[in-house]
Amino acid sequence: MAGLAVVAAAGLILDDRVLVGAPIWFKPFKFAVSFAVYGLTLAWMLSRHAAPSRTGRWAAHTVVVAGTVEMAIITGQTIRGRRSHFNIETPLDQGLFITMGLTIAVLWVATLVIAVLLFRARLGDRAATWAIRLGLLLALAGLLLGGLMVLPTPEQQAAGALRTLVGAHSVGVPDGGPAMPLTGWNTTGGDLRIPHFLGMHALQGLPLFLYAIEALSGRCARLRDERIRLRLVLVAAGWTTALLALVTWQALRGQALIHPDGATLGAFAALTAATAAGTIAALRRPGGGTAPGAPSASPSAATPGEFPPPHTPGQELPA
């Protein structure tokens, strides 16, 4: 995928064709980068598992195969100058689009298998374990939300058998209108790619958030307490879940991300206040006599500044 991202980047420079209002190689580039990050993150998460299993290896290989098939179709349609998603204009286009839907379904199931395996394992201290587990759950939710894009729009339903497209990124406006730089998200209507993106990349967001907390623990001794780190991870996961629901609601109402109405702003303000209150509560010193700012005496506390390594077979885990 990293190699394909380089090829797609060259295509952005050398190929001046435009498809649905965007440079034709923009989609292969975005998808290649996304799959590269997704694969690396899943590989890192599986490496936390103390006892790699045959099931985990097969699930990982399935993700690789499904992602490769998906990208082969996207790249092939780009070379042909055709839309890869939602395109049912010809039997070939329709067959390729159906195949893409099947490969994403297979990828989702394989990711679910990996999530089940990691929910049954200790992946470090409690904060690290739950950052990985909740990131996986949010990624699965984000993948599912992508299914909203393949539903026929009202205009497509009215066209009936004459339609050449089924589904769309945008809500309330046609695909290909004015868009945000880099992301390509619609600026005049709703865009279902936003919740899809937010959910999927929580897979990296929560572990990175924990890394940031641990990096700050050198200056803030209170963050060395495993219980406080766990609380902050749970607050971050709650915030991400609520934000995912909010941007989904906003998109389904045909509202652009950068043009929120009063209801959206009110909901975001309530979410911000709740998150601030949760953060303050999470930073309170846990009971049990620990002096303010002192590191936890818990035997399961992680070494500040890094995810603890997974245990090896035969090694006794802390209680």
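Predicted model: local features only at pLDDT ≥ 70, side-chain atom pairs only at ≥ 80, totals over all residues.
1. Basis. Local features need pLDDT of at least 70, side-chain atom pairs count only at pLDDT 80 or more, and totals for chains, interfaces and linings use all residues. Numbering starts from 1 along each chain as its sequence is written, and side-chain values use heavy atoms, without hydrogens or water.

2. H2 and H4. Helix H2 (residues 26-47) packs on helix H4 (residues 91-119) at about 25 degrees, with the axes 11 Å apart. H2 is therefore roughly parallel to H4 (angles under 35 degrees between N-to-C directions, on a scale from 0 to 180). The crossing is left-handed.

3. Their contact. From H2, Phe35, Tyr38, Leu42, Met45 and Leu46 meet Leu107, Thr111, Ile114 and Leu118 of H4 (heavy atoms within 4.5 Å). By class, eight residues are nonpolar, one is polar and none is charged.

4. Cores. The largest nonpolar core holds 28 residues, with Tyr38 and Leu136 having the most contacts inside it (buried nonpolar residues, under 20% relative accessible area with a 1.4 Å probe, joined through side-chain atoms within 4.5 Å). H2, H3 (54-80), H4 and H5 (126-145) each supply at least two of its residues. A second, separate core has 18 residues, including Leu134 and Val233.

5. Leu136. Beyond neighbours within four places in sequence, Leu136 touches Leu42, Met45, Thr111, Ala115, Leu118 and Leu203.

6. H8 and H9. Helix H8 (residues 202-216) and helix H9 (residues 226-252) pack at about 145 degrees, axes 10 Å apart. The crossing is right-handed. The contact includes Phe209 and Glu214 of H8 and Arg229 and Val233 of H9. It has nine nonpolar, one polar and two charged residues.

Definitions and conventions. Helix = DSSP H or I, 4+ residues; strand = E, 2+ residues; numbered from the N terminus. Parallel < 35°, antiparallel > 145°, perpendicular 65-115°, else oblique. Left-handed = near helix turned anticlockwise from the far one by under 90°. Nonpolar A, V, L, I, M, F, W, Y, C, P; charged D, E, K, R; others polar. Buried < 20%, exposed > 50% of the residue type's maximum accessible area, 1.4 Å probe, protein only.
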